[in-house]
Amino acid sequence: MINDIGDKLGEIIKEAGSRADTETLKKDIPLSEQGVDSLDMANILLNIEESFNLKIPDEDVNKLNTITNIVHYIKNRQKEQ
Amino acid sequence: MIGITVIGSYIPEKRISNYGRKAEFDIDDYFIEKKIGVRQVAVKDESEDTSDLCVRAFERLVKKVNIDKNQIEVAAVVTQNPDRNIPHTSAIVHGKLGLPESCASFDISHGCSGFIYGLSLMQSFMRENDFKKGLLFTCDPYSKIIDKKDKNTCLLFGDAATVTLISDKPCYVTGKFTFGTIGKEYKELSCADNRLYMNGRAVFNFSAKYVPEDINSLLKENGLSFDDIDQFIFHQGSKYIVDTISKRLGLDSKRVVFDAYDYGNTVSSSIPIILEKEMAKRENNYMVLSGFGVGLSWASVVVKKFQEDIK
């Protein structure tokens, strides 16, 4: 499950058109330190919402700063559904 | 047949460069050029008010076409940053231009969708009253309400004004319009205590979700396909939002304009500034205009070159 989510997340980050090299992104380093800017992040979160049928409230956004955090967040939200 | 005859635009000369704000806002050239797409924003002189910018736009218009002011039957101003609360800015513009006493005037309170709303309202008003010539102004100088320390807004918004002559001798006529409002999210782009606030994520989500759907509906309503459209003119919120909408619609970047590099997001003036240039190109028979933002709202229309021999 985590791998599926991780693969999909990788596609979403790539599609967002970030200047980050999506092949070498580190899972536990903040995306903002790897070339993903605030506009990319808005796009990534929207695509996560649409792909995983979630609504991500603004108050959760700061927690979603690394790939690991995002994958766990999606997994937990799916369990709640 | 009433329609768009000619457009005049005024962009103030003064600029604030975003390159000079890189350290303050922790941004770089890539972010400026490839993401927000705004290298500098146009700013009006402090001595100029909204009505003055409208007058400047009219001066540009009369350099392009002879206009007998005595024949103007209605003047409307799209703005949410009027000269003052009372009266309507269109009355002040009317006075400064010396329009005839028989000329109607009203303001339209709308933001980024305002030009499209203005086209629909003006044409309806003119048809109802059998008017032949009207002036539709757009002018929303956000420099009046921008917090210069707010990265979300101060790097994006610029000042400008436009005026569109709507008459019975059109160059372009409008097809069916589409409109929409998500009023429950009005606070996400709003002004309180004379300070602009924008929730960038909420406005991005709104634009990326609703505008592509609306464009599909618009084309269906007008019996047109994407291949029929020569140019898509989206509100210039930022380069990133224009690119995102284009990508979601699968549009070739050659058919989508981004022009705000050197003046910024001019709210209701963003579409007519570009339309003025695109109307001059012979190949543009059909164009889609789409405004979205404040409200949150959207409004779109297809304009077609006024020739009897095209569909």
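Modeller: Buried means under 20% relative accessible area, exposed over 50% and partly exposed in between (1.4 Å probe, protein chains only). This model is predicted: local features need pLDDT of at least 70, side-chain atom pairs count only at pLDDT 80 or more, and totals for chains, interfaces and linings use all residues. Residues are numbered from 1 along each chain as its sequence is written, chains are lettered from A and ligands numbered from 1 in the order written, and side-chain values use heavy atoms, without hydrogens or water.

Colleague: Why is B:Glu24 called partly exposed?

Modeller: B:Glu24 has 47% relative accessibility, so the label is partly exposed. The residue sits in helix α1 (residues 22-25) of chain B; helices here are DSSP runs of H or I with at least four residues, strands are E runs of at least two, and both are numbered from the N terminus.

Colleague: What is B:Glu24 in contact with, leaving aside its neighbours within four places in sequence?

Modeller: B:Lys148 and B:Lys149, with contact meaning heavy atoms within 4.5 Å. B:Glu24 also lies 9.1 Å from B:Lys151, C-alpha to C-alpha, though the two are 127 residues apart in sequence.

Colleague: What makes B:Thr178 count as buried?

Modeller: Its relative accessibility is 11%, so B:Thr178 is buried. B:Thr178 belongs to strand β8 (residues 172-181) of chain B. Beyond its sequence neighbours within four places, it touches B:Asp214, B:Leu218, B:Glu221, B:Trp298, B:Ala299 and B:Ser300.

Colleague: How do you know that α9(B) is mostly covered?

Modeller: Seven of the nine residues in helix α9 (residues 270-278) of chain B are buried. Among them are B:Ile271, B:Ile274 and B:Glu278.

Colleague: What makes α2(A) roughly parallel to α4(A)?

Modeller: The axes of helix α2 (residues 38-52) and helix α4 (residues 67-80) of chain A come within 12 Å and cross at roughly 30°. That angle makes α2(A) roughly parallel to α4(A); the class takes angles under 35 degrees, with over 145 roughly antiparallel, 65 to 115 roughly perpendicular and the rest oblique.

Colleague: Which residues meet there, in α2(A) and α4(A)?

Modeller: A:Met41, A:Ile48 and A:Phe52 of α2(A) meet A:Ile70, A:Ile74 and A:Gln78 of α4(A). The contact holds five nonpolar residues, one polar and no charged.

Colleague: Why are α2(A) and α7(B) called oblique to each other?

Modeller: Helix α7 (residues 200-221) of chain B packs against α2(A) at about 55°, with the axes 10 Å apart. The pair is therefore oblique. On the α2(A) side, the contact includes A:Leu45, A:Leu46, A:Glu49 and A:Glu50. From α7(B) come B:Arg201, B:Phe204, B:Asn205, B:Ala208 and B:Lys209. The contact divides into five nonpolar, two polar and four charged residues.

Colleague: What is the phi of B:Asp193, and what of B:Val267?

Modeller: Most residues other than glycine have a negative phi, and most peptide bonds are trans. Phi of B:Asp193 is near 50°. Phi of B:Val267 is near 60°. Both values are positive, in residues other than glycine. B:Asp193 lies in the loop between β9 (189-192) and β10 (195-198) of chain B, and at 80% relative accessibility it counts as exposed. B:Val267 lies in the loop between α8 (239-249) and α9 of chain B, and at 0% it counts as buried.

Colleague: Where is the peptide bond cis?

Modeller: One cis bond joins B:Ile86 and B:Pro87, with omega about 5°. Another runs from B:Gly295 to B:Leu296, with omega near -10°. B:Pro87 is in the loop between β4 (74-78) and α4 (89-97) of chain B. B:Leu296 is in the loop between β12 (286-293) and β13 (297-305) of chain B.

Definitions and conventions. Axes fitted to C-alpha atoms, helices over the stretch in contact; angles between N-to-C directions. Nonpolar A, V, L, I, M, F, W, Y, C, P; charged D, E, K, R; others polar.
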